[in-house]
Amino acid sequence: MTLPRALSPLALLRPDAAPRAPAGMPGMPPALARDRAGASDEALIAWAAAGDRLAFGALAGRHLPRLYGLAYRITGSAAEAEDVAQEALLRAWQKAAQFDPERARFATWLHRIASNLAIDHCRRRGSAAPLPLAEHWPDPAAGPEEALQARQRRARLERALAELPARQRAALALAHDQGLSGAEAAAVLATSERAVEGLLHRARRFLAGRLRGDGA
């Protein structure tokens, strides 16, 4: 999936939305001595909480493609996915001082923000998502007939995915696209592993039924 060029990590950080935290924290290296490229997510968000825009820019650059992919899978809309990814990062920047590494990994915290925003977009829209799997590469070894059949199968899957509830699409995106474990997906969705398993089971059963019904 290609990331829109309009999504620029540092461009998201409005000066008036900077986190309000002390400029220095115990044990924090001086700004000029910070290895932002090699630092952990948790170190970067701590520096960002102290007002380090470059630290948050490095953090946003790491996570922006996955945030966009998650939002795109849930909403099915490139425009909405772009809005969600930008808003999620802006909120993370504003709430950087509230992040608690004792309670969650930064990636889990950030994905929770993005998934909640994406689900809210779907609920406000009140209709099925557009086709979320439109981008794909054709098989160069396939003949014209095989390529046509592959496109038709993919279109059926896209239509079926668009009918799923937003939380089921979110569970699929976290488990399959993002490769999260059941525990990680549960943390993002603020639910239990068993509930995530239920979401995935219902989604897969629905998709299988839809594809069988279409003769796929």
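At 43% relative accessibility, Arg-105 counts as partly exposed, a class that lies between buried (under 20% relative accessible area) and exposed (over 50%), computed with a 1.4 Å probe on protein chains only. The model is predicted, so local features need pLDDT of at least 70 and side-chain atom pairs count only at pLDDT 80 or more, while totals for chains, interfaces and linings use all residues. Residues are numbered from 1 along each chain as its sequence is written, and side-chain values use heavy atoms, with hydrogens and water left out.

The side chain of Arg-105 forms a salt bridge with that of Glu-184, at 3.3 Å from N to O. This pair links distant parts of the chain, since Arg-105 sits in the loop between H3 and H4 and Glu-184 in helix H7 (residues 182–188), 79 residues apart. Glu-184 is partly exposed too, with a relative accessible area of 24%. A salt bridge here is a side-chain nitrogen of Lys or Arg within 4 Å of a carboxyl oxygen of Asp or Glu. Helices (H or I, at least four residues) and strands (E, at least two) are DSSP runs, numbered from the N terminus.

By the salt-bridge rule the count comes to seven. One of them joins Glu-163 and Arg-210, at 2.8 Å from N to O. Here again distant parts of the chain are linked: Glu-163 belongs to helix H5 (residues 144–163) and Arg-210 to helix H8 (residues 193–213), 47 residues apart. Glu-163 is partly exposed at 41% relative accessibility, and Arg-210 is partly exposed at 35%. Elsewhere, salt bridges that share partners join Arg-34, Arg-36 and Asp-52 into one network.

Another salt bridge lies within a single helix. The side chains of Arg-91 and Glu-87 meet at 2.9 Å, N to O. These two residues are four apart in helix H3 (residues 78–94), so about one helical turn separates them. Arg-91 has 33% relative accessibility and counts as partly exposed; Glu-87, at 29%, is also partly exposed.

The next topic is helix packing. Two packed helices are described by the angle between their axes and the distance between the axes. The axes of helix H2 (residues 53–75) and helix H4 (residues 106–125) come within 9 Å and cross at roughly 35 degrees. Such axes are lines fitted to C-alpha atoms, for helices over the stretch in contact, and angles run from 0 to 180 degrees between N-to-C directions. Contact means heavy atoms within 4.5 Å. Among the residues making the contact are Leu-67 and Leu-70 of H2 and Ala-114 and Ile-119 of H4. The residues of this contact divide into 12 nonpolar, five polar and two charged; Ala, Val, Leu, Ile, Met, Phe, Trp, Tyr, Cys and Pro count as nonpolar, Asp, Glu, Lys and Arg as charged, and the others, Gly among them, as polar.

Ala-114 lies in helix H4 and is buried, at 1% relative accessibility. Leaving aside neighbours within four places in sequence, Ala-114 is in contact with Leu-67, Leu-70, Val-84 and Ala-88. The C-alpha atoms of Ala-114 and Leu-89, 25 residues apart along the chain, are separated by 8.3 Å.

Last comes the nonpolar core, a set of buried Ala, Val, Leu, Ile, Met, Phe, Trp, Tyr and Cys residues joined through side-chain atoms within 4.5 Å. The largest one has 55 residues, and Ile-45, Phe-56 and Ile-74 have the most contacts inside it. Helices H1 (41–49) and H6 (166–177) are among those that each supply at least two residues. H2 gives the largest share of this core, 11 residues.
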